[in-house]
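Here is a briefing on one protein model. Keep the sequence and the 3D view open as you read.

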Amino acid sequence: MKNISLAKILITGVGVTTAIAQGKVNFLEAILAGKSAFAELNRPGRKIADANLRLLGCEIDNLVIPDGIAEKDLRTASWSAQVGVSTLDEAWRDARLDDVDPCRIGLIVGGSNFQQRELVLIQEKYADRTHFLRPSYGTTFLDSDICGLCTQYFPVKGFAHTVGGASASGQLAVIEASEAVASGRVDVCIAMGALMDLSHWECRGLRAMGAMGSNRYANEPSLASRPFDRDRDGFIFGESCGVVVIEKEDTATRSGVSPYAKVLGWATRMDGNRNPNPSKEGELSVIWESLARSGLSPPAIDYINPHGSGSIAGDDTEISAIREAGLSHAYINTTKSLIGHGLSAAGAVEVVTTVLQMRAGMLHPSRNLESPIDSNFNWVREKSVTHQIEYAIALSMGFGGINTALCLGRC
């Protein structure tokens, strides 16, 4: 896609909630320290009482919900919606959006079918007394409910909708928000990677297909998430949510707003199949296109935040694409080794991770990267590294053949 606008597009606010920290300050401190919180999954509707099927991951504990969110709304809000509205609160305040015309603000939520655990719990609760099913179920089962809750408490009057791209949903939301701002549809667009609330059914399915990690590290959960390591055996789930505020440079003039990064270019490409298998051709195409749109050559990229899920085929394919694109010189670390794979949230959380590292001049370590599948890459391994990112590329891929890439530059 050719440039829509010559105006600079900026990231002016962020919000983040993960199992290791809530809020950008605490999150940055946690990732630079290499903190993790992997354990056996224990949330009702997800926990499995089966010694032969041990599910590992990271679950958020002690969510801090902003003052002013009514208890009556929380009672009917899904876990995804509660985490989403709480994370949006941080990004809204960070970008000083109270000073923007609500009719010029949009919201794009990345993810679809992301409230599955909540639905399972409700259906099990009312299975033998369906006449007592609460009326609110008629709206809260919809993905649009998270848009409704967020716009009820934050004055977004431009538009609000969801976009689904499986594990690329979060980054796809950032791309769609960038296009909405670049085209002039709105002045400010908020992109949210929604928390994917898996039930035990989705976990069983992902395990059965070999995508989710096995029982191999059941007794040592901290070792389970190991993207790009030779001993990886699948992704490890992690609850998370990321929010990014996008706007043009000429509107980001509010007092107290300090942009994190420039959004230089992006790309989305389909492989043309419904399979979960990755495609080097698809991944290469979005890398090349996002670089071309940014006006950057491969040597200019000095940091990569990869998809890096920890799957056998996925990691091999991604590293092959990065190598062929001429990017093996760039620093690369693995955010999912610290917080797990947030699925619909992952791409947005990793954009937040990238710009926080860019501002801090530090790169977080990678856990469990003991034997990289290719030792010729510039890996950030067991310790954080001091490095000022100038140009970064973030990558996301999703089931169904979707590939996305996003290039960011330091302000």
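This is a predicted model: local features need pLDDT of at least 70, side-chain atom pairs count only at pLDDT 80 or more; totals for chains, interfaces and linings use all residues.

Residues are numbered from 1 along each chain as its sequence is written, and side-chain values use heavy atoms, with hydrogens and water left out.

Helices (H or I, at least four residues) and strands (E, at least two) are DSSP runs, numbered from the N terminus. Two strands pair if DSSP finds at least two bridges between them. Buried means under 20% relative accessible area, exposed over 50%, and partly exposed in between, with a 1.4 Å probe and protein chains only.

**The sheet of 11 strands**

- This open sheet has the order β5-β4-β6-β8-β1-β9-β16-β15-β10-β11-β13, and its pairing is mixed.
- Its edge strands are β5 (159–163) and β13 (378–379), each pairing on one side only.
- Strand β4 (residues 105–110) runs parallel to β6, with 6 bridges joining them. Here I108 stands opposite A191.
- Strand β1 (residues 9–18) and β9 run antiparallel and share 3 bridges. I11 has A261 of β9 as its bridge partner.

- In strand β8 (residues 240–248), 9 of the 9 residues are buried, so the strand is largely enclosed by the rest of the structure.
- S240, G242, V244, I246 and K248 point one way, while C241, V243, V245 and E247 point the other way.
- β1 runs antiparallel to β8, and 9 bridges join the two. T17 stands opposite C241.
- Strand β6 (residues 188–193) is also antiparallel to β8, with 6 bridges. M192 is the bridge partner of V243, and G193 stands opposite G242.

**Strand β6**

- 6 of the 6 residues of β6 are buried, so it is largely enclosed by the rest of the structure.
- V188, I190 and M192 point one way from β6; C189, A191 and G193 point the other way.

**The sheet of 3 strands**

- This open sheet has the order β2-β3-β7, with mixed pairing.
- β2 (39–40) and β7 (237–238) are the edge strands, and each pairs on one side only.
- Strand β3 (residues 56–58) runs parallel to β7, joined by 2 bridges. C58 has G238 as its bridge partner.

**Helix α9**

- The 15 residues of helix α9 (residues 280–294) should span 21 Å at 1.5 Å a residue, and the end C-alpha atoms are 21 Å apart, which agrees. The expected span is 1.5 Å times one less than the number of residues.
- Its buried residues include L284, V286, I287 and L291.
- The cover over the buried residues of α9 includes β9 (261–270), α10, β15 and β16, where contact means heavy atoms within 4.5 Å.
- Just after α9, G295 takes a positive phi of about 75°.

**The largest pocket**

- A pocket is an open set of points on a 1 Å grid over the protein atoms alone, where a 1.4 Å probe fits, with protein on both sides within 12 Å along at least five of seven lines; lining residues have an atom within 4 Å of a point.
- The lining has 42 residues, and S167, L206, A211, F235 and F399 lie nearest the pocket's centre.
- Elements giving two or more residues to the lining are α8 (200–208), α10 (312–324), β15 (391–398) and β16 (402–410). The largest share, 5 residues, comes from α10.
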